[in-house]
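Please find below a colleague's note, arranged as numbered points.

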Amino acid sequence: MAPDPWFSTYDSTCQIAQEIAEKIQQRNQCERRGEKTPKLTLTIRTLLKNLKVKIDTLKDLLLRAVSTRQITQLEGDRRQNLLDDLVTRERLLLASFKNEGAEPDLIRSSLMGEDTKRGTPNPWLCEEPEETRGLGFDEIRQQQQKIIQEQDAGLDALSSIISRQKQMGQEIGNELDEQNEIIDDLANLVENTDEKLRTEARRVTLVDRKSTSCGMIMVILLLLVAIVVVAVWPTN
């Protein structure tokens with residue numbers, strides 16, 4: 001596996017910071033002896049510029065790794081702590097270069113420590129997590145990649161569940177639409193049936209009225225026939 005570019009840049013940046021501290025201490029010793037140090041001063045100024053460029057590169061690499069999910073949030077925070085420590089040391093070195101801060105030997109002692117080569121714990125990390133303690137940078141990277149893969153698998157499972165729930169919701173919506181159509185058809189059928197019942201009721205009422213009128217006419221006719229019969233019936 002190819003080395004992580006962030007840690008490669010980090011290692012070279014630490015070396016530059018250590019070299020700056022040594023050069024500043026050397027310059028101060030020369031000045032205390034009354035010697036001129038224009039060459040050393042120029043070298044230190046150039047190294048400080050290189051240090052700033054390296055730190056900016058580390059910031060860009062970290063931002064890209066976090067935004068593209070190449071590392072976990074925990075690893076991102078860990079690297080940010082290392083980067084913040086570098087920025088602090090850059091300020092101390094700059095202040096010492098301008099004779100405004102601590103002596104460079106104090107800064108140098110914080111930079112020296114254990115070897116910063118790949119495969120050993122970084123001495124600048126004060127509170128390293130237990131799960132990464134004692135691991136090399138490549139091992140940590142593999143561990144972070146495994147965690148990312150597990151997170152991706154969890155996200156895929158969650159996406160599948162959401163898709164099934166969405167499909168169920170669509171099926172329920174379609175069923176409700178069909179039920180609403182059935183209810184609308186029933187409402188129309190009831191309305192049509194009610195209208196037919198009213199029409200038939202009116203017809204029955206009309207027929208009943210006609211039947212009553214016909215009955216009265218028949219009674220009158222019968223009475224007239226009876227009168228005629230009585231009138232023409234011979235009497236003894």
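Predicted model: local features only at pLDDT ≥ 70, side-chain atom pairs only at ≥ 80, totals over all residues.

1. Where does arginine 69 lie? The residue sits in the loop between H2 and helix H3, the latter spanning 73-97. Its backbone deserves attention: arginine 69 has a positive phi of about 60° although it is not a glycine. Most residues other than glycine have a negative phi.

2. The overall architecture may be stated briefly. The protein chain holds 5 helices and 0 strands, and its pattern along the sequence reads α-α-α-α-α.

3. Some totals describe the chain as a whole. Of the 236 residues in the protein chain, 25% are buried. The protein chain exposes about 16,600 Å², and carbon and sulfur atoms supply 57% of that area. Contacts between residues at least 6 apart in sequence were also examined: 70% of them join residues at least 24 apart.

4. The next points concern pairs of helices. Two packed helices are described by the angle between their axes and the distance between the axes. Helix H1 covers residues 5-32 and helix H2 covers residues 38-67; the two pack at an angle of about 160°, with their axes 9 Å apart. Angles over 145 degrees count as roughly antiparallel, and H1 and H2 are therefore roughly antiparallel to each other. H1 passes H2 in a left-handed crossing. The residues of this contact comprise 17 nonpolar, 8 polar and 4 charged.

5. Valine 53 and threonine 13 are 40 residues apart in sequence, while their C-alpha atoms are 9.3 Å apart in space.

6. H1 also packs with H3, at an angle of about 20° and with the axes 11 Å apart. Angles under 35 degrees count as roughly parallel, so H1 and H3 are roughly parallel to each other. H1 passes H3 in a left-handed crossing. On the H1 side the residues include Trp6, Phe7, Tyr10 and Ile20; on the H3 side they include Leu82, Leu86, Leu93 and Phe97. The residues of the contact of H1 with H3 divide into 11 nonpolar, 2 polar and 4 charged.

7. How do H2 and H3 meet, and at roughly what angle do their axes cross? The axes of H2 and H3 come within 11 Å and cross at roughly 165°. H2 and H3 are therefore roughly antiparallel to each other, and their crossing is left-handed. Among the residues making the contact are Ile44, Leu48, Leu51 and Ile55 of H2, together with Leu83, Leu86, Val87 and Leu94 of H3. The residues of the contact of H2 with H3 divide into 13 nonpolar, 4 polar and 5 charged.

8. H1 and H2 are roughly antiparallel, H1 and H3 are roughly parallel, and H2 and H3 are roughly antiparallel. Arginine 69 may then be located in the loop between H2 and H3.

Technical notes: Residues numbered from 1 in each chain as written. Heavy atoms only, no water. Helix = DSSP H or I, 4+ residues; strand = E, 2+ residues; numbered from the N terminus. Buried < 20%, exposed > 50% of the residue type's maximum accessible area, 1.4 Å probe, protein only. Contact = heavy atoms within 4.5 Å. Areas by Shrake-Rupley, 256 points an atom, 1.4 Å probe, with all protein chains shown as cover. Axes fitted to C-alpha atoms, helices over the stretch in contact; angles between N-to-C directions. Parallel < 35°, antiparallel > 145°, perpendicular 65-115°, else oblique. Left-handed = near helix turned anticlockwise from the far one by under 90°. Nonpolar A, V, L, I, M, F, W, Y, C, P; charged D, E, K, R; others polar.
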